[in-house]
Amino acid sequence: MDLSRQNSIILSITILTTFASFVKSSLPQGLQTLNISSEITTDPNITASFATDFGNLFNCTPGAVFFPSSPKDIATLIRFSYTSTTPFHISQRGLGHSAYGQTLVPDGILIDMSSLDRTNYNRINVTSNGPIPYADVGAEQIWIDVLNATLKHDLMPRLLTDYLSLTVGGTLSNAGLSGRAFMHGPQISNVYELDVITGTGEIVTCSKESNPDLFYAVLGGLGQFGVITRARIALEPAQKRVRWLELFYTDIKVLTSDEEKLISTGNSLSGIVDYLEGEVLFNVTQGLLTGSFNFSNSDVEKIVKLASENSGPIYLLNVVLFYNDTTATSVDQKVELLLKELHYTSGFAFSYDLPLFNFLNRLSFRVAATSSVAQCPWLVMLVPKSKVLEFGSKVYRGILNGFKGGRFFLLYPLNRAMWDDEMSAVTPNEEVFYRADFLWTSEAANETKSIAKKNKQIQNICEKYNFGCKEYLPHFTNQIAWQKQFGEKWEKFVSRKMKYDPKALLSPGQRIFTTLG
Ligand code: FAD
């Protein structure tokens, strides 16, 4: 598509969305006559509770909130807006774990997806007796409930996020990543089929074989092409326990070299670990380690000393092996091999054994402890392998030099071969790339401001030195930045938008085709 045609499409989408004329205090004309009107409220006490998200950075009350009883109700609402002479925005909200107002909709109706669960029981159905096990799950379901349902069949989703109280529809609209993604790809690579309601109100079942264009569009599609109402999730046999190794490093080069060895094929450590995530630790104090890890007091002292003797951050590699009763002996041998062949700092390997469920659900308590007023100006960069050391020296030892601590600066590699290029989700253009997270938490406005400045500096460094990074959970406020993020996929993204949501009704809070009012 030539640039002028592309620009006119973008412009026409913008114009179409500007005539959305939703009056906050009342429902759009005609909506009251629909059989779903009793499920929509403009009660300010209720709409106000949907005015922000986990990030707490944006605040904006929706015009109305819709509590659908069924996917059909959602189709009715979307079709009404689509065929109306005064269409309005519709935002499908999982549980609002976005950070930058992606689910907000000042001039329209917010769909509370979780209400599907309230009235529709049995929205998690496990099929374990066929050739391939899978679970059909409502998109409003959260991963912890999917896990619990599948464990009853000794099965589990092939890919779970680290935090499990996220909705299936929400993570499939992004990608869904964790320390198992190097072997299975993101969650969007582990879905067989979807039910989607498009921006014209059509209900479509799609998969790689049937309506593949819509299937791929929606996966990582940031809510732009339709509302997912059901997903068929790939399952695998669940093990019973895990062996969790925490290994400390003082050199990013040594850390990344070990990480890359563990995720690649054809070497002595290939296929040994079931989960791998590295972390960058700044200004390691007793406080940072206590409560976050299971270290003894003497371990904590040792680690703090290691960090204080090192200039710059230290690194923590989490490697985890899943096992059951019959494989317990071989897990011991594998751990022995890992400890022999990995190049962590001698004397700084710590090992735990725990039930699989406890490991998978380990973040629930920590996230629950996050203050509800905290702001989370998160940034997640996907960095090509060839640039990760330069990224490390310019960001961890440059911009963040002297940074006063905090957790969740993840740094771990992923294999691009596990991502399907047809999907909307974007990755850097190298076979191996790193996920580099800056999951900040701030309790004060001036702190948030200074973090935002750091985020900008990190983005600028990537830009200036042509690192070829992409962002995960992206947030941009202008179309040029979005175009850059999608790169070669932008044209397809735009043409899919024209096809499946031609009036740009859906998920306007992403600010790709319109701006928040
Ligand atoms: P929401 O934030 O409600 O929605 C996100 C976007 O998806 C919106 O644009 C919305 O319109 C759209 N959407 C929601 N539901 C649907 C649907 N059914 N159909 C179509 N579009 C829909 N991400 C990871 O990959 N791995 C992690 O381990 C991880 N851990 C996290 C831990 C915490 C504490 C938090 C706050 C976030 C974490 N995330 C993680 C990010 C998370 O994947 C995203 O925030 C995502 O938005 C999921 O949250 P949600 O289900 O509440 O969706």
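**View 1. Residues of α15 meet residues of α16 in this predicted model.** Lys394, Val395 and Ile399 lie on the α15 side of the contact. Their partners in α16 are Lys454, Gln457, Ile458 and Ile461. Sorted by class, this contact holds four nonpolar residues, two charged residues and one polar residue.

**View 2. Helices α15 and α16 cross at roughly 155°.** Helix α15 covers residues 388-399, and helix α16 covers residues 445-464. Their axes come within 10 Å. Angles over 145 degrees count as roughly antiparallel, so the crossing of roughly 155° makes α15 roughly antiparallel to α16. The crossing of the two helices is right-handed.

**View 3. The protein is divided into three domains.** Domain 1 is built from two stretches, 3-113 and 487-510. Domain 2 covers 118-237. Domain 3 covers 241-472.

**View 4. Domain 1 touches domain 2.** Each domain gives 24 residues to this contact. On the side of domain 1, α3 (71-83) and α18 (490-500) each supply at least two residues. The largest share of that side comes from α3, with six residues. By class, the side of domain 1 that touches domain 2 has twelve nonpolar, seven polar and five charged residues.

**View 5. A shell of 35 residues lies around the ligand.** Gly94, His97, Gly169, Gly170 and Gly223 come nearest to the ligand. The shell has 20 polar residues, 13 nonpolar residues and two charged residues.

**View 6. The ligand shell draws on helix and strand elements.** Strand β3 (89-93) supplies at least two residues of the shell. Helix α6 (168-172) also supplies at least two. So much for β3 and α6; strand β10 (226-237) likewise gives at least two residues.

**View 7. The ligand shell lies between domain 1 and domain 2.** Domain 1 (3-113 + 487-510) gives residues to the shell.

Methods
Residues are numbered from 1 along each chain as its sequence is written. This is a predicted model: local features need pLDDT of at least 70, side-chain atom pairs count only at pLDDT 80 or more; totals for chains, interfaces and linings use all residues. Axes are lines fitted to C-alpha atoms, for helices over the stretch in contact, and angles run from 0 to 180 degrees between N-to-C directions. Helices (H or I, at least four residues) and strands (E, at least two) are DSSP runs, numbered from the N terminus. Angles under 35 degrees count as roughly parallel, over 145 as roughly antiparallel, 65 to 115 as roughly perpendicular and the rest as oblique. A crossing is left-handed if the near helix is turned anticlockwise from the far one by less than a right angle, and right-handed if clockwise. Two residues are in contact if their C-beta atoms, placed from the backbone, lie within 7 Å. Ala, Val, Leu, Ile, Met, Phe, Trp, Tyr, Cys and Pro count as nonpolar, Asp, Glu, Lys and Arg as charged, and the others, Gly among them, as polar. A residue is near a molecule or strand if its C-beta atom, placed from the backbone, lies within 6 Å of it. Domain bounds come from an automatic or database domain assignment.
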